[in-house]
Amino acid sequence: MSNVIKVSVRNLVEFVLRSGDIDNSFMSMSRALEGTKAHQKVQKSYGYEYEPEVTLKHSVYYDDFTIELQGRADGILTYEDEVIIDEIKSTTKDLEDIEENYNELHWAQAKCYGYIYSLQNGLDHIHIQLTYFHIELEERKIFKRRYTKQELEEFFLSLTDKYIEWASVTFYWSETRDSSIKRLLFPFNNYRKGQRELAVAAYKTIEERKSLFAQAPTGIGKTMSTLFPSIKSIGEGITSKIFYLTAKTITREVPIASMEMMIKRGLRAKTVVITAKDKICLNDEVKCNPRDCAFAKDHYDRVNDAIMDIFENEDLITRDVAIIYANKHNVCPFEFILDVSLWADVIICDYNYVFDPQVYLKRFFENPMENYVFLIDEAHNLVDRSREMFSAEISKSSFLDIRDIFKEKYPPIYKSLNKVNSILNKLKKDLEIEGEYYQREGIDDLYYPIKKLMTVLEPWLIEEKNNEEYDKVLELYFNLITFNKISEFYDSHYVTYVKESSKDLVLKLYCIDPSYLLKEALSRGRSSILFSATLTPLDYHMDLLGGKDGDYNIKLSSPFPRENLCLMVADSISTRYKDREKTYIDIVRCIESFIDAKRGNYFVFFPSYAYMTNVYNLMMDRNQNLNIIIQDGSMSEIEREEFLLNFEEENNLIAFAVMGGIFSEGIDLTGEKLIGAIVVGVGLPQICFERNIIKDYFTHNLGEGYEYAYVYPGMNKVLQAAGRVIRSPEDRGAILLIDDRYGTKEYKSLFPNEWLGAKNIRNDIAMKRILERFW
């Protein structure tokens, strides 16, 4: 059976013939719309002889392959003595500067259409016409060439011959890959408790085109339990590509290690790790244009060779591997790795690349219902991350800060900035805003003036690239693009939130309930597996993360021996804000008694930096001999690594950190590196206006506002922090939860199964006795 390769004429031409520079200098965002209007004006200027938007299809047969080509000619002119294929290109360039050979890609695409049309209609020759239409002047310049069918056939087959070189490599590769997948065995000798159950559930979910929400505690092996069945589904022809999505860079190491393990056991699968542009750029500053970057200069002349080189020699393409090949071929590593990902079987990347409406990878998701599988790690993080992705804000100061730049020379821009500022001033006055305010309705009067401002800014941004204030104006423009995009989503899941502070006014389109937008994003794939150790409660996460009727959920127990964990609850101490001053000393005594039972490394987690600092100061006053380190609110990556390195080198360390921070999830400190953790408080997010908006929304819609806004997000922080202690079957450790609310039915119902049997302690003596018996 012949392998079928489907490709558009445009993509084939652009891939085979692409050349030149990367140049991400500013270009008008409205060009696509203007281009459409230009096409329509040209098309309507002709009579009955002109047929617009003609779909053309053609198949080319090789020994083992069939290339199915499809494209759409802008227009076909049919006269008595000639047929003309018309290719329309809109431009703002002076038409006098456009020569016949201005862009060979324009001719190439039209020549392919000409060949297909002449072949299918029995024509010996045909005319190809390029129509350049000036958007602003509405003038046109036309070039026309006559080609024989034989000339077009030679050109067309030269393109497809070059393309088949790529297609054959990838198709023969798929045979190698699928054969290795069929032979691949689960990479561990035995399944851990719950691991087979999760793997089977994942495969069934993929097979049935559904989503699975899995709460799977540390130790089950969530990554392998989801990756292995997904890989198997590729071998069965069910899945075409796997996206392994993470919230943080540090958590990518686990899927990378899992792929390495399967590769060592015979798997042949192409895995690509997509790294953010600013973290993979080979320059000191990210400037993607040929003037400032040698890698951008002639990038497209070299990138196809780079892709073939890395594809033939590497199966696991991490950031470091990508940089080696980017340096070897002198190409931009970020754009290079995005191109390589088109041929990858597994893509490991941030949530943004699938969910964020501004940056998601459109190259993969233009066609709905592709057979992609989304594996969403630490899925509890997606709730707040998606709220950020689907929200946008503007500030009054951002308009005022640039207004004077345009006052003298660019009155239309100055006028548009004043218009937006006036609407914000009127809003503040009419609504009598002091402090913070929100409403369910959008501010409709604002959207058109913002679009108008974007339009008048565009010519300035094209012409004034050397202006010293350029970056500030460009930043505002892109912020307006985001704001405009988010305004298109605005509905009953949003509120308009206005905040006044320090003579500034901030207006935010705030997405409270991102579930329907996540559901839409998840529909771009075949199936999704959302997993975490802390999807508590499951109903809450399924509701907010885009779950549908018929989706599956699974809640697994810890595979580790329960006797390896000593869990204690100090439910006689209040950590509520109003009680903190009088209970600091109680907290310190608890810490002292807890660490005194056994020499080793401990974490103490707090709900806020202020609370942590106050307890730290008191602790140091009483225990100057202790080795205590404390998390800083603005740590660099190097400082984070140095903080964690202390656990490798010390054996008598107390580390103070905040819940929900960088050290409360995604780190593995096995064995003696960490033997205990204290969690102070119930992890409630800080009471603030935004959280109260969430509370109001879900009180109104579900009657669970406080739970959705505070209790459930807080408890997930607690579970993540406590989960640092037991990371392997050999680990033994102690956990102390401090807060009187842990004694209530509401909180006990949120405890995972492995926390059943927690010991309540009323005093230091009882704690010491329990810990002595445990250790």
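Helices and strands are DSSP runs, numbered from the N terminus; a strand has at least two residues in state E. In this predicted model, Glu138 sits in the loop between strands β5 (125–134) and β6 (140–148). Its phi is near 55°, a positive value in a residue other than glycine. Pro537 belongs to the loop between β17 (527–532) and α20.

Helix α1 (residues 9–17) packs against helix α3 (residues 104–120). The angle is about 135°, and the axes lie 10 Å apart. Angles of 65 to 115 degrees count as roughly perpendicular and those over 145 as roughly antiparallel. The angle therefore makes α1 oblique to α3. The crossing of α1 and α3 is right-handed. From α1, the contact takes in Val9, Arg10, Val13 and Leu17. From α3, it takes in Leu105, Ala108, Gln109, Cys112, Tyr113 and Ile116. Sorted by class, the contact of α1 with α3 holds eight nonpolar residues, one polar and one charged.

Helix α1 also meets helix α4 (residues 149–183). Here the axes come within 10 Å and cross at roughly 75°. This angle makes α1 roughly perpendicular to α4. The α1 side of the contact consists of Leu12, Val13, Phe15, Val16 and Leu17. On the α4 side are Phe155, Leu159, Thr160, Lys162, Tyr163 and Trp166. Nine nonpolar residues, one polar and one charged make up the contact of α1 with α4. Val13 and Leu17 of α1 take part in the contact with α3 and in the contact with α4.

Another helix pair is formed by α15 (residues 396–403) and α18 (residues 470–487). These helices pack at about 145°, with axes 10 Å apart. Their crossing is left-handed. Helix α15 contributes Ser398, Phe399, Asp401 and Ile402 to the contact. Helix α18 contributes Lys472, Val473, Leu476 and Leu480. The contact of α15 with α18 comprises five nonpolar residues, one polar and two charged.

The largest cavity has a volume of about 120 Å³. It is lined by 15 residues. Closest to its centre are Cys281, Asn283, Cys288, Cys293 and Cys332. Helices α8 (277–280) and α11 (333–341) are the elements that each give two or more residues to this lining. By class, the lining of the largest cavity has twelve nonpolar residues, one polar and two charged.

Open space was also examined. The second largest pocket holds about 1400 Å³ of space. Its lining is made of 47 residues. Of these, Gly683, Leu684, Pro685, Gln686 and Lys717 are the closest to the centre of the pocket. Elements that give two or more residues to the lining include strand β16 (504–511) and helices α14 (382–389), α20 (538–544) and α21 (580–596). Also among them are α22 (609–622), α24 (689–701) and α25 (705–722). Helix α25 gives the most to the lining, with six residues. The lining of the second largest pocket divides into 20 nonpolar, 14 polar and 13 charged residues.

Note on methods:
Residues are numbered from 1 along each chain as its sequence is written. This is a predicted model: local features need pLDDT of at least 70, side-chain atom pairs count only at pLDDT 80 or more; totals for chains, interfaces and linings use all residues. Side-chain values use heavy atoms; hydrogens and water are left out. Axes are lines fitted to C-alpha atoms, for helices over the stretch in contact, and angles run from 0 to 180 degrees between N-to-C directions. Helices (H or I, at least four residues) and strands (E, at least two) are DSSP runs, numbered from the N terminus. Angles under 35 degrees count as roughly parallel, over 145 as roughly antiparallel, 65 to 115 as roughly perpendicular and the rest as oblique. A crossing is left-handed if the near helix is turned anticlockwise from the far one by less than a right angle, and right-handed if clockwise. Contact means heavy atoms within 4.5 Å. Ala, Val, Leu, Ile, Met, Phe, Trp, Tyr, Cys and Pro count as nonpolar, Asp, Glu, Lys and Arg as charged, and the others, Gly among them, as polar. On a 1 Å grid over the protein atoms alone, a cavity is a set of points where a 1.4 Å probe fits but cannot get out, and a pocket is an open set with protein on both sides within 12 Å along at least five of seven lines; lining residues have an atom within 4 Å of a point. Grid points are joined across faces, edges and corners, and a volume is the space filled by probe spheres set on the points.
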